Amino acid sequence: MSQSELIEAALGAHRERDTRGQVLPHPAWHDLDDAGRREVFEQAKLARRLEAALDPGSLSSTGRAVLARIKGARP
């Protein structure tokens with residue numbers, strides 16, 4: 001895979017979970033160099049800001065997922 005293909009793959013939303021439910025990094029993340037990882041981070045930040053700008057509650061999909069998990073964890 002090229003650097004740009006690895007970056008695109010790492011930016012995808014799907015993440016595997018381990019047996020304890022912990023989110024695992026995308027496998028492409030491990031194949032990226034430091035510059036590629038920084039690029040993924042910067043593009044992810046931009047995507048979250050754009051998502052939040054379009055959302056009526058000003059939340060990104062990540063923010064919504066975190067809130068849903070918190071609400072689901074309450075007794």
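Modeller: When I speak of contact here, I mean heavy atoms within 4.5 Å. Please keep in mind throughout that this is a predicted model.

Colleague: Which residues does Q22 touch, once residues up to four places away in sequence are not counted?

Modeller: Q22 sits in the loop between helix 1 and helix 2, the latter covering 27-31, and with a relative accessibility of 44% this residue counts as partly exposed. With residues up to four places away in sequence not counted, the residues that Q22 touches are E16 and R17.

Colleague: Moving on to the packing of helices, at what angle do helix 1 and helix 3 pack, and what does that make helix 1 relative to helix 3?

Modeller: Two packed helices are described by the angle between their axes and the distance between the axes. For helix 1, residues 3-11, and helix 3, the axes are 10 Å apart and the angle is about 45 degrees. Angles under 35 degrees would count as roughly parallel and 65 to 115 as roughly perpendicular, so helix 1 is, relative to helix 3, oblique.

Colleague: How do the residues of the contact of helix 1 with helix 3 divide into nonpolar, polar and charged?

Modeller: Helix 1 passes helix 3 in a right-handed crossing. On the side of helix 1 the contact involves Q3, I7, A10 and L11, which meet A35, G36, E39, V40, Q43 and A44 of helix 3. Sorted by type, the residues of this contact are six nonpolar, three polar and one charged.

Colleague: Is G36 buried or exposed?

Modeller: G36 belongs to helix 3, and, setting aside neighbours within four places in sequence, G36 is in contact with Q3 and I7. The C-alpha atoms of G36 and Q3 are separated by 6.9 Å, although these residues are 33 apart along the chain. Because its relative accessibility is 1%, and the cut-off is under 20%, G36 counts as buried.

Colleague: In the loop between helix 3 and helix 4, is S60 buried or exposed?

Modeller: S60 lies in the loop that runs between helix 3 (34-54) and helix 4 (61-73). Leaving aside neighbours within four places in sequence, S60 is in contact with R48, E51 and A52. Since its relative accessibility is 10%, S60 counts as buried.

Colleague: And what is the phi of S58?

Modeller: S58 is also placed in the loop between helix 3 and helix 4, and at 51% relative accessibility this residue counts as exposed. S58 is not a glycine, and yet its phi is positive, at about 60 degrees.

Colleague: Finally, what distance separates the C-alpha atoms of A73 and G36?

Modeller: A73 lies in helix 4 and is exposed, with a relative accessible area of 62%, whereas G36 has its place in helix 3. Along the chain A73 and G36 are 37 residues apart, and the separation of their C-alpha atoms is 35 Å.

Technical notes. Residues are numbered from 1 along each chain as its sequence is written. This is a predicted model: local features need pLDDT of at least 70, side-chain atom pairs count only at pLDDT 80 or more; totals for chains, interfaces and linings use all residues. Side-chain values use heavy atoms; hydrogens and water are left out. Helices (H or I, at least four residues) and strands (E, at least two) are DSSP runs, numbered from the N terminus. Buried means under 20% relative accessible area, exposed over 50%, partly exposed in between (1.4 Å probe, protein chains only). Axes are lines fitted to C-alpha atoms, for helices over the stretch in contact, and angles run from 0 to 180 degrees between N-to-C directions. Angles under 35 degrees count as roughly parallel, over 145 as roughly antiparallel, 65 to 115 as roughly perpendicular and the rest as oblique. A crossing is left-handed if the near helix is turned anticlockwise from the far one by less than a right angle, and right-handed if clockwise. Ala, Val, Leu, Ile, Met, Phe, Trp, Tyr, Cys and Pro count as nonpolar, Asp, Glu, Lys and Arg as charged, and the others, Gly among them, as polar.
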